[in-house]
Amino acid sequence: MQTQKGSDNNNVVLEDSAFFMKILDADASLSDSDCRAIAGNFLETSAPLPMEQLMWGVSRRGGKILVYAAGTHRLLADEDTAEKLSFARRAFPSFAAIFAAPFQDGCYSYDTSSGRIFFKVANGNVVDFDIYGSPDNAIDAENSECAVFSLSLADGAGGVKFSADFKENGNAPLKWKISNSRIKNLCDIRSKAQLAEISKRVFRQTMVSAFFACAALLFVYMAVWQIYLIFESAKVSQVQKAFDEISPKAKEVEAMSEQLAFITSLSKKPLENTRLIAIANRARSADIEFSKTSATTPTDLQIYGKAESAGSVNRFEENLRKSPYVKSVRASVPSSKSGNAQFEINITFTSNDK
């Protein structure tokens with residue numbers, strides 16, 4: 001996973017080399033949903049993997065859209081990336097931001113954590129991307145006329161602010177912004193269902209923090225008020241009266257604590273299936289292929305796929321049972337031919353998969 005200057009827990013900038021991409025024509029008057037539909041149709045007919053095994057997004061500028069996709073298993077193979085994709089508000093490769101930027105015609109390049117990216121702009125549109133993972137290849141391909149810059153990002157009002165800071169030839173920094181709605185509807189590689197679950201998690205965590213803060217303030221208020229009443233009068237009757245006045249507030253705090261415990265229990269539930277797939281993927285051998293995955297509950301994952309033989313499925317099942325995060329496994333092989341065994345596996349995970 002790649003980290004750009006200014007990255008934080010809200011923004012995960014993914015490794016560009018993990019994606020394949022294609023630039024398509026799309027009329028500038030089309031809506032974002034229309035552009036995503038065009039990209040989806042293209043991937044269904046042209047992608048090397050089924051749609052169920054892809055994480056993909058779209059960036060747009062003028063009359064062009066950039067479609068990019070990566071294999072789900074490749075992105076989730078790294079546990080740190082899988083964890084970040086379960087919590088981050090936004091997740092996209094850096095070239096998604098570059099494609100939407102108002103660069104003038106010319107040749108440009110910038111460094112990532114794994115290499116260098118070259119791209120060209122002609123007639124106001126990005127027309128070519130070259131991603132070099134090897135520094136030697138990048139040097140051989142480098143054009144002396146390319147403007148070199150560093151890419152940075154920061155959260156802004158209503159979206160993410162980007163900046164291209166040029167290192168040479170005195171170019172002024174180039175700044176632009178992509179709105180939250182466009183990142184969510186186009187650029188982010190996760191599905192709408194996954195993004196909705198993440199939003200729920202953020203909301204619940206915010207509510208928990210708010211309840212903790214309110215409870216702490218109320219307890220402090222009660223303590224100060226009680227001390228003030230005790231020192232204000234030494235008469236037992238007045239002290240008793242003060243306690244009687246405080247008692248309703250104490251009951252309110254008790255009710256608030258019960259609500260807090262309920263919300264806290266909700267926030268601990270796993271909310272989407274990327275981490276479940278990542279755990280299952282660790283037990284998968286090279287001769288096992290997932291065709292479709294479905295999270296039926298927060299701890300249950302259903303996998304359809306094919307393997308070279310029924311024995312491969314049995315070994316996959318045994319590897320899953322060895323995982324400390326797996327509670328139970330139920331596998332079936334409805335059809336098995338030479339070199340092609342169709343299977344269905346239902347996995348129940350432990351409630352604490354951290």
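Two strands pair if DSSP finds at least two bridges between them. Helices (H or I, at least four residues) and strands (E, at least two) are DSSP runs, numbered from the N terminus.

This is a predicted model: local features need pLDDT of at least 70, side-chain atom pairs count only at pLDDT 80 or more, and totals for chains, interfaces and linings use all residues. Residues are numbered from 1 along each chain as its sequence is written, and side-chain values use heavy atoms, with hydrogens and water left out.

**Whole chain**

Colour by pLDDT, the predictor's confidence in each residue, from 0 to 100. The chain's mean is 83, and 83% of its residues reach 70 or more. Now select 265–271. Here the pLDDT is below 50, and the stretch has 10 contacts (heavy atoms within 4.5 Å) beyond near neighbours in sequence. Switch to cartoon: the chain has 10 helices and 15 strands.

**The three-stranded sheet**

Select β2, β3 and β4. They form an open sheet in the order β2-β4-β3, with antiparallel pairing. β2 (20–25) and β3 (54–61) are the edges; each has a single partner strand, so one side of each lacks a neighbour in the sheet. Neighbouring strands are turned by 20 degrees against each other on average, direction ignored. Axes are lines fitted to C-alpha atoms, for helices over the stretch in contact, and angles run from 0 to 180 degrees between N-to-C directions.

Zoom in on β3 and β4 (residues 64–71), paired in the antiparallel sense over 8 bridges. Pick G57: opposite stands Y68 in β4.

**Salt bridges**

A salt bridge here is a side-chain nitrogen of Lys or Arg within 4 Å of a carboxyl oxygen of Asp or Glu. The structure holds 11.

Show R182 and D32: their closest N and O atoms are 2.9 Å apart. R182 lies in α6 and D32 in α1, so the pair ties together parts 150 residues apart in sequence. Buried means under 20% relative accessible area, exposed over 50%, partly exposed in between (1.4 Å probe, protein chains only). R182 is partly exposed at 30%; D32 is buried at 16%.

Next, R116 and D111, at 2.6 Å. R116 is buried at 18%, and D111 is partly exposed at 35%.

Finish at D287 and R315, 3.8 Å from N to O.
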